[in-house]
Amino acid sequence: MREPLNVSTEKGISRRSFLERMFTATVVGITAPSILSATIIPKIALRENSLSGLYTIDLNAVVALQNVLGSVRLSIREIDSRFRIVVTRVSEDQFEAVYGRCPHQDFLIRPRESTNDYLICSGHDSRFQFNGTLIPGFGPAEASLKRYTTSYDGDATVTVEIDELASVSTSESSSSYITLHSTGPLDNQVVFKFGISRPEHLVLSLLSLDGKEVLRPLDGLLEAGSHHLPCDLSSLESGLYLYRLTSSTAIIGTGKVVVTK
Ligand code: FES
């Protein structure tokens, strides 16, 4: 696994702590005694055009993962209020982490339940191995779940690496989403594509990596449905930025965008 960057400048520290706070995760078990288990502040690996998060789960705090076949759900609200990962302990020294939304219609994948030796979709009962591989013959899903890298220290922590943290694509089959759809005909012209299921007041912000809003291409009431918003980023310095779409009640999604000059 790649180590996070050693960011030592004052600006670097403020960037890192902003990003760490931004992408904080919560871990939830669905069976007692660990209904709400822990909050995890990640280590962020910031590279030229990418952002990865290392999420270290303390097994002393997350009781559900202390035993083989224990399973929990990890959520990172900032990526998208629906973003989930399911982490399962598959042996004494091995853990699996997979995307927790079904490729069929985006329903939740449940953490392992009762005596099952598979994960099951809450929508239409498609089944998956703990490593995300689709088990054919159960339900309508036709693709496997994305698998994330895990590493276990042999003692009390397991780390899940979420690569491309700010560009995990948000499924357009869910009711609310945002994607950076395409670039326009000119440099630094981009098109945001997003959808909402009811009229909403939306704010789309461009943020620098230390958390400052540098552009607000959208702030207003929109009708339900799909929308395209062309946006000119040429006024920004070259570098990596985050975009974030919020409604009055939720974060719809966050992604990254690179400006080049
Ligand atoms: S949403 Fe999972 S099987 Fe339909």
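Two strands count as paired if DSSP finds at least two bridges between them. Helices (H or I, at least four residues) and strands (E, at least two) are DSSP runs, numbered from the N terminus. Residue numbers start from 1 along each chain as its sequence is written. Because the model is predicted, local features need pLDDT of at least 70 and side-chain atom pairs count only at pLDDT 80 or more, while totals for chains, interfaces and linings use all residues.

**The whole protein**

- The protein has 1 helix and 20 strands.
- Of its 261 residues, 33% are buried, a term that requires 20 or more other C-beta atoms within 10 Å of the residue's own; 12 or fewer make a residue exposed, and anything in between partly exposed, with C-beta atoms placed from the backbone.
- Among contacts with a separation of 6 or more, 50% come from residues 24 or more positions apart; a contact means that the C-beta atoms of two residues, placed from the backbone, lie within 7 Å.

- β16 and β17 form a hairpin with 5 residues between them, and Leu 207 stands opposite Glu 213 of β17.
- Gly 211, in the turn of this hairpin, has a positive phi of about 95°.
- β16 also pairs with strand β19 (residues 239-246), in the antiparallel sense, over 5 bridges.
- In that pairing, Leu 204 has Leu 245 as its bridge partner, and Ser 205 stands opposite Arg 244.
- In a regular strand, side chains alternate between the two faces of the sheet.

**β19 and β20**

- Strand β20 (residues 251-259) pairs with β19 over 8 bridges, again in the antiparallel sense.
- These two strands form a hairpin with 4 residues between them.
- Tyr 243 stands opposite Gly 255 in β20.

- Ser 14 lies in helix α1 (residues 10-22).
- Ser 14 is partly exposed because 14 other C-beta atoms lie within 10 Å.
- Ser 14 and Gly 211 are 197 residues apart in sequence, yet 8.6 Å apart in space, C-alpha to C-alpha.

**A four-strand sheet**

- An open sheet of 4 strands has the order β8-β9-β10-β11, with antiparallel pairing.
- Its edge strands, β8 (109-110) and β11 (134-135), each pair on one side only.
- β8 and strand β9 (residues 119-121) run antiparallel and are joined by 2 bridges, with Ile 109 opposite Cys 121.
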